[in-house]
Amino acid sequence: MKPARPKRTRLRSKGKLDTPSLTVIELKALQEIVGHRFKSPDLLVRAVTHPSAVSSADSVRLSNQRLEFLGDRVLNLVIAERLIDRRKMESEGDLAPRLNSLVKKGACAMAMRHLELQRFIILSDSEISSGGRERESTLGDACEAIIGAIYQDAGLSQARKFIEKGWAPQFSAAPAETKDPKTLLQEWAQGQGLPLPDYNVLSRSGPDHQPTYEVKASVMDRGSAVAAGSSKRDAERNAAALLLKSLTGDT
């Protein structure tokens, strides 16, 4: 008689986990990388549980969506404090795009890859097979949720330590362009004496936990461009960048 499969494997074969979990070894390794030993380890497990891994009825209770919401606010605060402290001569107009570049999903995904945390994300089998473990939105959401979990378990100081560790390569990188594509496109339009750029959402597709927005950016009769993104804001930025490139001829 073949031995019974472990409970976790049996649950995963259904595609949804009744109670998401990490092994003792996985949980210990994850806490070591995060740099915090949790008083409530269940918080950390929930932080790395993708909505696809649980039933829709249990999503609020067991997935990382609520912690992601909290972690996003904590991240914005920590990054804003850091910019205020490190860039004392910059105006709000200069600081805002720097903040946006460091708190967007792509930046969070970079932090996850830097710390090699993607292997701990709990996903459904179908999400794994479709490449979910490397998807920017999945990584970004999990990173924000981890920040939220640390904040709930140990407070702002410990969350700040994790952010400093995860964002270290981005903090040390040479300063990039301080203005995002939407700002640059707006300045171009104003310089040409044209109305401000217009953004229209053409479509929204995908599940609630992983939407895709398609946005059209246009400047009067000078041209337009369509781009997609995992949020309305990201789609607008991508469309603005494409339109600006076509209008100015920049490569």
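The expected span of a helix is 1.5 Å times one less than its number of residues, where helices (H or I, at least four residues) are DSSP runs numbered from the N terminus. Keep that in mind for the predicted model above: local features need pLDDT of at least 70, side-chain atom pairs count only at pLDDT 80 or more, and totals for chains, interfaces and linings use all residues. Residues are numbered from 1 along each chain as its sequence is written, and side-chain values use heavy atoms, with hydrogens and water left out.

Now try the rule on helix H6 (residues 92-103). Some of H6 is buried (under 20% relative accessible area, with exposed over 50% and partly exposed in between; 1.4 Å probe, protein chains only). The buried residues are Leu95, Pro97, Arg98, Leu99, Leu102 and Val103. They pack against helices H5 (65-86), H7 (105-115), H9 (136-154) and H11 (168-172), with contact meaning heavy atoms within 4.5 Å.

What about disulfides, meaning pairs of cysteine sulfur atoms within 2.5 Å? The count is 0. The sulfur of Cys108 has its closest cysteine sulfur in Cys143, but at 4.8 Å that is too far for a bond. Cys108 is buried, at 0% relative accessibility, and Cys143 is buried with a relative accessible area of 0%.

Finally, here are charges over rings (NZ of Lys or CZ of Arg within 6 Å of the ring centre and within 35 degrees of the ring normal):

| Charged residue | Ring | Distance to ring centre |
|---|---|---|
| Arg82 | Phe171 | 3.6 Å |
| Lys182 | Tyr199 | 4.8 Å |

Notes. A disulfide is a pair of cysteine sulfur atoms within 2.5 Å. Helices (H or I, at least four residues) and strands (E, at least two) are DSSP runs, numbered from the N terminus.
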